[in-house]
Each structure stands twice: as structure tokens, then as C-alpha cells.
Amino acid sequence: MRSQPRKPLRADQIIFDQLFQPYPLGEFELPNRLVMAPLTRMRADADGVMGELNAEYYAQRATAGLIIAEGSFPHSSGKSFPGQPGIETAEQIAGWRLVTDAVHGAGGRIFLQLMHGGRIGHELIAPGGERPVAPSAVRPQGDARIAGEKIPFDEPRALELEEIAELQQQFAQGAQNALEAGFDGVELHGANGYLLHQFLSDVTNLRSDQYGGDAANRCRFVVETAQLVAERIGAERVGIRLSPNQNVNDISENDAQTLYPQLLGELNAVGLCYLHMMETPPDAGWSSVGVAREAWNSTLIVNSNFQVDWPLELADEIVAEGRADLICYGRRFISNPDLVERIRSGEPIVEADFQTFYGGGAEGYTDYPALAEAADGK
Ligand SMILES: Cc1cc2nc3c(=O)[nH]c(=O)nc-3n(C[C@H](O)[C@H](O)[C@H](O)COP(=O)(O)O)c2cc1C
């Protein structure tokens with residue numbers, strides 16, 4: 001296929017050629033190397049159901065090589081935020097169908113991030129009023145945000161052994177529901193201090209059964225869940241996101257540098273279609289992206305982290321040098337629905353307004369203009 005002729009560039013504009021190489025991901029041919037990060041925007045209705053506004057938002061961003069839709073709970077006990085969508089009920093599946101149809105109609109590809117919040121939640125948020133569950137009863141520092149108020153997190157209830165198998169089945173069912181909703185695949189949220197990450201961490205997982213203790217036992221929940229989900233919908237439709245030593249949501253890890261290579265080895269055997277690795281923060285003293293390239297067998301998507309912003313030049317270099325296959329951006333996709341076209345044509349990238357990140361309506365969500373609209377003064 002012939003590529004589009006480029007607009008003439010100013011001397012100071014750089015051509016990010018590597019980011020526009022197509023890439024085969026499972027059965028999909030991604031037209032570029034740019035992935036839209038999972039971004040919780042808290043704009044589902046009170047029942048966790050998405051609607052037309054959400055469909056418009058995602059369709060606006062369909063030129064991304066791949067969209068990973070925001071963390072969504074496979075079971076109501078895993079809801080972490082008001083306005084977070086679910087993928088559990090028939091209404092939630094139907095709401096997401098509006099989104100996937102709109103994205104596919106606009107020529108895009110979209111996975112859903114399956115996220116169980118574990119101890120990051122509150123009984124005032126969970127639809128059934130459930131107390132948050134976690135590997136162990138270790139209370140997180142910090143607050144849940146409910147109706148504009150900060151309410152300190154409670155101590156979670158430690159999961160009973162029998163409940164663990166149930167939870168894993170909920171992930172498998174959530175994945176099946178995601179396909180029913182028209183998603184092209186799912187990403188397991190093993191990052192940022194939520195349930196899967198809580199199992200991996202020696203600080204939040206104090207269990208003495210086969211799911212706690214040494215690194216192999218702490219990896220077990222994640223590996224088994226990945227296996228079950230892959231068996232249910234096909235490993236070629238399942239990816240996983242990890243964030244070693246990323247200290248958000250009060251998570252910390254003492255043995256990440258040895259645990260993660262072990263985890264990647266076990267996950268390789270499951271045959272997942274990608275690993276989505278967040279880079280370790282500067283003070284971690286090691287590079288999770290470097291380790292992932294060495295240890296991981298299939299597609300590697302990388303993202304910086306909350307502390308460090310990766311300039312586009314670096315993204316291009318990472319792909320050019322083969323340090324990763326695909327680059328994931330979050331905040332730039334919030335404020336630039338046509339980020340891909342802006343990079344391609346060397347147009348300015350708009351800064352995101354963090355005040356409208358979470359909750360609300362169209363403002364700061366669907367009203368960031370694309371280039372043509374900006375030129376028309378819309
Ligand atoms: C508003 C907002 C919501 C986010 N929601 C999620 C989420 O649902 N799941 C997830 O794994 N990461 C989430 N993240 C993290 C992003 O996916 C990404 O890792 C982070 O923003 C760093 O990338 P960036 O510098 O390109 O924005 C969120 C970040 C922001 C700013």
C-alpha cells in the first residue's frame with residue numbers, strides 16, 4: 001500500500017518514521033506503532049454502563065495503532081472509582097458495544113483493560129456495598145474519592161482460598177463478555193497497585209498458602225489468571241500490563257528485580273499476544289523495559305510511568321533500536337484525538353488539562369479538537 005504524501009515540513013520538524021511502520025499483532029495489522037494507553041476517565045453511568053459520549057471519545061482516537069480502553073471491572077467487587085465502567089452485566093456489555101462499533105466503524109482496533117481494584121476501593125463505591133478484598137488485610141495509605149470528598153481507605157478483607165478460584169473465573173467471564181461487547185481482545189491490569197499487583201508485592205501479599213510467600217507463590221495468581229483467560233478467549237487475544245517498582249496506590253516491592261524476570265518466564269509459557277511494560281521510575285536503579293526485551297518472547301508495548309514523560313524523539317528511537325515494538329502514550333491521547341496525524345504532519349501537540357481527567361461530561365473529553373476542526377475555529 002502506498003503511504004500518503006506528506007505535507008511539506010518546516011526545517012525544524014522531525015519525521016518520526018519508525019512510529020509509522022505497520023506492525024502485525026496477532027490477527028491484526030496495526031497501521032502504526034502508537035498505542036493509546038488505558039485511561040480511567042470516570043464517565044460511565046452509576047451502573048458502570050458506557051454510552052454515546054464514550055463511543056464518540058474512543059472513535060475520535062481510532063487512528064491509534066491500538067486503543068486499550070480504560071480499566072473496567074469484571075465483577076462489581078473490583079470497582080475502584082465512581083464512574084468506572086464494568087464488563088459484567090448485560091447493560092454494561094451493550095454500552096461497550098456502542099464504543100467498539102464506533103471505533104471499528106472509524107477503522108480502529110480496541111482491547112479492553114480488565115481491572116480488579118482489590119484493596120483500592122471502598123464499600124461506598126462497590127455496587128453491592130462490598131468491603132474491598134485483597135491478598136491480605138493490609139490497609140493502603142491514602143483516600144478514596146467519593147462525590148468530591150476524600151475518604152480514607154479501609155483495611156481490606158483478606159481473600160479466602162476458595163474465593164481466589166472464583167475471582168479468576170470472574171476474569172475469564174469478563175474476557176468473554178469483552179469479546180461479546182465487540183472488543184478485539186483484553187489486557188489484564190497487573191500494574192499500578194491494583195489486585196494483580198497486590199498479589200505480586202511482598203508488602204501487600206502476606207499470605208502463607210500457595211498464593212503467598214516466595215516469588216513463585218506470589219506470581220501464581222497472575223499466571224493462573226492469565227492462563228484461564230487465555231484458555232477462555234485464546235491467548236492471541238490477551239495481553240498483560242505490569243509496572244514493577246511503580247509506587248502508586250501505595251504499592252511497593254522489595255524483590256521486583258528478581259520476581260519480574262521469573263514472572264515473565266512463566267507468562268511466556270502462556271503465549272500471550274503482548275506484554276505492556278511500564279518503565280521503572282528513575283530511583284528503582286534498573287530498567288524493566290530492558291529486562292522485558294531480554295526475557296519476553298512476543299510483542300512488547302512500552303510506556304514511561306507517572307514520573308517521567310517520554311518525548312516523541314525517544315519513542316521513535318526506542319522503536320528504531322528495537323528496544324520495544326510499540327509505544328504507548330496516555331496524556332497526549334487525552335488532549336490530541338488525532339495524535340497520530342499531528343505527529344505525522346509535525347503539528348503542535350496540545351497539553352492535557354488535568355482538571356478534567358476524572359469525571360464530568362464532554363468538557364475535556366470529546367471537545368479537544370482535531371486539526372481540521374481547530375483550523376475551522378471549532
Ligand atoms: C487520567 C489517567 C487515567 C489513567 N487510567 C489508567 C487505567 O485505567 N489503567 C492503567 O493501567 N493506567 C492508567 N493510567 C496510566 C496511563 O495509562 C499511563 O501509564 C500514564 O499516564 C503514563 O503515560 P503518559 O506519560 O503517556 O501519560 C492513567 C493515567 C491518567 C493520566
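A: Let's start with a term: a residue is near a molecule if its C-beta atom, placed from the backbone, lies within 6 Å of it. By that rule, 21 residues surround the ligand, and the closest are A37, T40, G71, G330 and R331. Two or more residues of this shell come from each of β4 (66-72) and α9 (331-335); helices (H or I, at least four residues) and strands (E, at least two) are DSSP runs, numbered from the N terminus. The shell holds eight nonpolar, eight polar and five charged residues, where Ala, Val, Leu, Ile, Met, Phe, Trp, Tyr, Cys and Pro count as nonpolar, Asp, Glu, Lys and Arg as charged, and the others, Gly among them, as polar.

A note on the source: this is a predicted model, in which local features need pLDDT of at least 70, side-chain atom pairs count only at pLDDT 80 or more, and totals for chains, interfaces and linings use all residues. Residues are numbered from 1 along each chain as its sequence is written.

Next, visit F28 in strand β2 (residues 28-30). R109 is 81 residues from F28 in sequence, yet their C-alpha atoms are 8.1 Å apart.

Finally, N192 sits in the loop between β10 (185-190) and α4 (195-200). Its phi is positive, near 55°, although N192 is not glycine. N192 counts as buried because it has 24 C-beta neighbours inside 10 Å.

Definitions and conventions. Buried ≥ 20, exposed ≤ 12 C-beta atoms within 10 Å, placed from the backbone.
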